[in-house]
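Here is a briefing on one chain, written for quick reading. Please keep the sequence and the model open beside it.

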Amino acid sequence: MTGYGKAEYNFADHKTIVEIRSLNSKQLDLNLKVASYFRDKEPEIRTLLTAPLERGKVDVSIYTESLTQGVQHKDLAPIDKEAFAYYYKELETLQRDLLIPGNQDLISAILRIPGVLQQNAAPVVVSDEEWNILQNAIGDALTAFKAFRVQEGTALQNMFEEKLSGIEHLLAEVEPFEKGRVEHIRERLVDNLSKLTDKNGSITDKKVSVAYDKSRLEAELIYYLEKLDITEEKVRLTNHIKYFRETMAQEGAGVGKKLGFIAQEMGREINTLGSKSNQSEMQIIDVKMKDILEQIKEQVLNVL
């Protein structure tokens, strides 16, 4: 589910910002970006975030900004001035002795030499006081993040209600066509029986009197109509819609996955209903129901 939350605090000479953003995903995909100042606390930070986030492609950023003039130095590697001066003097002498043109960038070259930038300098240790403040800030960001999700969830629920009502309305439109097609099928079969070949085997359009077993005709008609009957599909689809609404009212993790399964079952019934529809009007209604259901399936991914 999409969401956003942010919190920040000031401590000593810097400000720390915590930002949480999420997009749709079936599982939790947590991408954590932490300033090197808090690198030692990354496992604990990940633990604090995993359970509350539950699901989604989530990006969490924790970074610092200086509150004083000048560059924030916590995340920068110091320069060994003695090593820099030594290498600069040596390279300058080498450049002069070998008659190398003087437009070479000695500074960039020196900074790439191991040991000039003190990468192994002792890391800054986050105090217990700031760690407690950071945990509270993460909690505040999660609270704002959850509030955003609740707002999005309310909008999704209203959308689902609208779409489900649309499917119910279309399902009701099928009934008039369903009642009339039984008599239509009967008339068509009887009419076809009256158009048979004559004694010479040639086809005639004239109505002829044909003797046939009416009981057998009724039996075949019943068998044929049973294959086209959509009563069970209508009942199951109605029950699935009801269960979808009941599941939306539930709380806790896993509701989104359950809604996805219910939507799949709704699709099965709509597909079967369409395959049994032998009238163009019914097939058009079925296509409309499929279109609405696809919109539901797309948004179900947004539900936890």
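R236 and E232 are separated by about one helical turn because they sit four residues apart in helix α6. Their side chains meet in a salt bridge (3.4 Å, N to O), a term for a side-chain nitrogen of Lys or Arg within 4 Å of a carboxyl oxygen of Asp or Glu. This is a predicted model: local features need pLDDT of at least 70, side-chain atom pairs count only at pLDDT 80 or more, and totals for chains, interfaces and linings use all residues. Residues are numbered from 1 along each chain as its sequence is written, and side-chain values use heavy atoms, with hydrogens and water left out.

- An α-helix has 3.6 residues a turn, so residues three or four places apart point the same way.
- E233 is buried, at a relative accessible area of 4%; buried means under 20%, exposed over 50% and partly exposed in between (1.4 Å probe, protein chains only).
- R236 is partly exposed at 33% relative accessibility, whereas E232 is exposed at 52%.
- A network of salt bridges links E232, E233, R236, E269 and K276.

**Salt bridges across the chain**

- The structure holds 15 salt bridges.
- One of them joins the side chains of R245 and E161 (2.9 Å, N to O).
- This pair links distant parts of the chain: R245 is in helix α6 (residues 231–248) and E161 in helix α4 (residues 128–193), 84 residues apart.
- Both ends are partly exposed, R245 with a relative accessible area of 24% and E161 at 29%.

**Aromatic rings**

- Rings of Phe, Tyr and Trp (its six-membered ring) pair if their centres lie within 6.5 Å; planes under 30 degrees apart count as stacked, over 60 as edge-to-face and the rest as tilted.
- By this rule there are four aromatic pairs.
- F84 and Y88 are stacked, because their ring centres are 6.2 Å apart and their planes lie at 20 degrees.
- F84 and Y88 are four residues apart in helix α2 (residues 81–97), about one turn.
- F84 is partly exposed, with a relative accessible area of 22%, and Y88 is partly exposed at 31%.
- Y86 and Y87 have ring centres 5.5 Å apart and planes at 70 degrees, so this pair is edge-to-face.
- Y87 is partly exposed, at a relative accessible area of 27%.
- K41 lies over the face of W131, 4.9 Å from the ring centre; the rule asks for NZ of Lys or CZ of Arg within 6 Å of the ring centre and within 35 degrees of the ring normal.

**Fold and surface**

- The chain has eight helices and four strands, taken as DSSP runs numbered from the N terminus (helices H or I, at least four residues; strands E, at least two).
- Along the sequence the pattern reads β-β-β-α-β-α-α-α-α-α-α-α.
- Just after α2, L99 has a positive phi of about 55 degrees.
- Of the 304 residues in the chain, 33% are buried.
- Among contacts between residues at least 6 apart in sequence, 77% join residues at least 24 apart; contact means heavy atoms within 4.5 Å.
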